[in-house]
Amino acid sequence: MSTLAEILLNGLSLGSVYALIALGFVVIFRATEVVNFAHASLLLAGGYITATLHDDIGFWPALLAGIAGAALVGAAVEFLVMRRYRGSDHSVLAIVTIGVDILLTTELTRRIGTDVIPLGDPWGDAVLRLGPVSLAHTRIAAFVAAVLLIGAFLLAFRYTSWGVAMRAAAESSETAALMGVRLGRVSLSAWAVAGGLAAVAALFLTVFPTPGLERATSLAALKAFPAAILGGLDSTTGALVGGLLVGVTESLATGYQSDLTFLGRGLGDLAPYLVMVAILLIRPAGLFGTKELARV
Amino acid sequence: MSENPAVPQRPTAPGGPLRPESDEPAPAGLRPPSGTRAPGGRRGVPAPPGRRRARLTDPRTYVRAVGVVLPLAFPFYLDRFWLQAGLFAMAAAIGAIGINLLTGATGQLSMGHAFFLAVGAYGYCVFAADGGDGLTGLGLPTWLAAVLAVLVAGVAGGLFSPISGRLSGAYLGIATLALVFIGQHVMFNAHDLTGGANGRDVPPLNLFGLTFDDRELVVADVPFGSAEKLWYAGLLALLVGAQFARGVLRGRPGRAMNAIRDHRIAAGVLGVPVARHRAAVFVLSSMYAGLAGVLLALVFQRTVPDYFGITLSLDYLAMIVIGGLGSVSGAVAGAVFVSLLPQLLTRYSDALPFISAPGTGGIAPGEAARFLYGAAVVLVVLFLPGGLARVAARRRVRTEPGEQ
């Protein structure tokens, strides 16, 4: 029983990190209708900046630098690449992001090499014991940080003029532009926000019990794709639910691995994708996604 | 007929790469046919697929003939390195034609191509091996094993049809991403079938008593090893695959596919069975991937699971974007570019600036190649919609103004 509780709590924490990444993904999609396949490399960029700077300037400034850096990279991608596309077909831009991803990931993995770089976080491997249940401090920090960030984001989305502009652009970009919403700024800020959220997620994907930032971190970040898809690409609620669902499933599959040996080792890494396929079979637009309506 | 008048369908206008003009003279997409080059293609009636008479006065006929005949001589002049590089390019070209049918011509984004390549490669091993190394092997004749491997890849694609027939766009892209991870999981864990992380040996192909291995056979004073012999098998597979895909694209299925890409609902209203076509194209594309996998396995002589990862899928997408979405020649051009680039850079890394040997801290050739084609993907989409194939087509338009 205590194992189950531990697994569920860890899963929620992991899921909230996935939700952070998926949220950035959804924000970009809602603001610009572009599916950002370069998201994992934004995350890697944020993590890398934090990892290289924390020795010199301390952890918290390094984290801020990582967030700012990833936001800057995201904004730069939008400004230098996405904005140059003059056509109207958004699936083309999805392919451009694949090109961007190849570029960024190659450079970052080249820099990281075969190293495993710790991020110098203050939590270390400390563990909190609540009766029979023990939980790593990092997991608690991840959950709290994710909840705070997501809450702040949702409030901003709802009440600030930036959020209104964002939602207006998602509703109908043409009308929004006619009403004076500057679409360029909306999409620039969407990319920057997504980059920042990804950088925070990078921190929590690489702290204890994970050894540190390595090449494979971007593979872990990829699991936010199924999270965003199974929730529904255009739904922020979907991103949160999807993230939690993916996190808990992964945690369960990893936790009960010994009972599932007939399915092979490393099932945890596979679980998010299996859940996604199962859900897409039943609901092709994801759990909360709007069904595609088309006027003919 | 075009439902979206905002996207000009004239060949000289910059359409988006997902709505490319075919470089084929026969009509592809919703463009009215150009009657001069397709006899019987007047008044909107498509030319019968593959039935254009080659004209002896047309210089392109000769260019094509040279393009087919010249590679036949390569094994007599090139060394093993170039032959292997060429074989990789051929295998990549076959796989790229497959994904171009799916992503380029039908507009279905697939990131799972690597999975079907793996099915082909491992399928061949399982069918052809004699079980001598303790792994499952059925010991079938190798040609039969190759055919069965391609069919199994098709079946795998068909099993995915509940998803591939219903989802599109990013949903399909990420759903197919799942295939890559499921595939890798199986490859690492189904030890009896795949040999686990170490992979398994590939039995050499045997056709009509000729074994495609390194036992030397001397033809016209040139020793023929596996690369030389496979060269012809690969060339044949590529030619057949390319011709078949051309036929598909030119005929009714091709028009239906382009209609689905351009406007799914309009296609459905016009009577195209959309879900069935999408599932069918997915199967066909998987079979191409399977064939590419078989050929790759034969060239590598060993299959390892690490190779068939997400990177490989992205490589294939890069190929068709660089080459040109939706056309066979584009797929081949892109495949040659993406698969030869790392090999060329490795070979000439000493002579090139900025590139150093792997592990010395500089930019290794493999990385330099990835930089180049990552940038190529971005630049092609932004500034050269239609890819390499369109450049050739545009030139053709310029030199032969009467043709269009």
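**Two chains, one contact**

Modeller: This is a predicted model, and the contact between its chains takes 38 residues from chain B and 35 residues from chain A.

Colleague: What makes two residues count as being in contact?

Modeller: Their C-beta atoms, placed from the backbone, have to lie within 7 Å.

Colleague: Which helices of chain B supply the side that touches chain A?

Modeller: Helix 5 (161-164), helix 6 (169-189), helix 10 (264-269), helix 12 (310-323) and helix 14 (365-383) of chain B each give at least two residues. The largest share is from helix 6 of chain B, with twelve residues.

Colleague: And what classes of residue has that side of chain B?

Modeller: There are 29 nonpolar, five polar and four charged residues on the side of chain B that touches chain A.

Colleague: Okay, over to helix 8 (residues 226-250) and helix 11 of chain B. Why is this pair called roughly antiparallel?

Modeller: Their axes come within 11 Å and cross at roughly 170°. Angles over 145 degrees count as roughly antiparallel, so helix 8 of chain B is roughly antiparallel to helix 11 of chain B.

Colleague: Which residues make that contact?

Modeller: From helix 8 of chain B, they are Leu230(B), Gly234(B), Ala237(B) and Gly241(B); from helix 11 of chain B, they are Tyr288(B), Leu291(B), Leu295(B), Leu298(B) and Val299(B). Sorted by class, this contact has seven nonpolar, two polar and no charged residues. Gly counts as polar.

Colleague: What about the largest nonpolar core, which residues there touch the most other members?

Modeller: Ala93(B) and Val377(B) do, out of 223 residues in that core. Helix 11 (residues 274-300) of chain B gives the most to this core, 18 residues. As for Ala93(B), leaving out residues up to four places away in sequence, Ala93(B) touches Leu238(B), Ala331(B), Val332(B), Ala335(B) and Val336(B).

Colleague: How much of chain B is buried?

Modeller: Buried residues are 52% of the 404 residues in chain B. The chain has 15 helices and six strands.

Colleague: Now chain A: how do you know that the span of helix 5 (residues 137-159) agrees with its 23 residues?

Modeller: Set the two values side by side. At 1.5 Å a residue, helix 5 of chain A should span 33 Å, and its end C-alpha atoms are 33 Å apart, so the span agrees.

Colleague: Which residues of helix 5 of chain A are buried, and what makes a residue buried?

Modeller: Thr138(A), Arg139(A), Ala142(A), Phe143(A) and Ala146(A) are buried. A residue is called buried because 20 or more other C-beta atoms lie within 10 Å of its own.

Technical notes:
Residues are numbered from 1 along each chain as its sequence is written. Chains are lettered from A and ligands numbered from 1 in the order in which they are written. This is a predicted model: local features need pLDDT of at least 70, side-chain atom pairs count only at pLDDT 80 or more; totals for chains, interfaces and linings use all residues. Helices (H or I, at least four residues) and strands (E, at least two) are DSSP runs, numbered from the N terminus. The expected span of a helix is 1.5 Å times one less than its number of residues. A residue is buried if 20 or more other C-beta atoms lie within 10 Å of its own, exposed if 12 or fewer, and partly exposed in between; C-beta atoms are placed from the backbone. A nonpolar core is a set of buried Ala, Val, Leu, Ile, Met, Phe, Trp, Tyr and Cys residues joined through C-beta atoms within 7 Å. Axes are lines fitted to C-alpha atoms, for helices over the stretch in contact, and angles run from 0 to 180 degrees between N-to-C directions. Angles under 35 degrees count as roughly parallel, over 145 as roughly antiparallel, 65 to 115 as roughly perpendicular and the rest as oblique.
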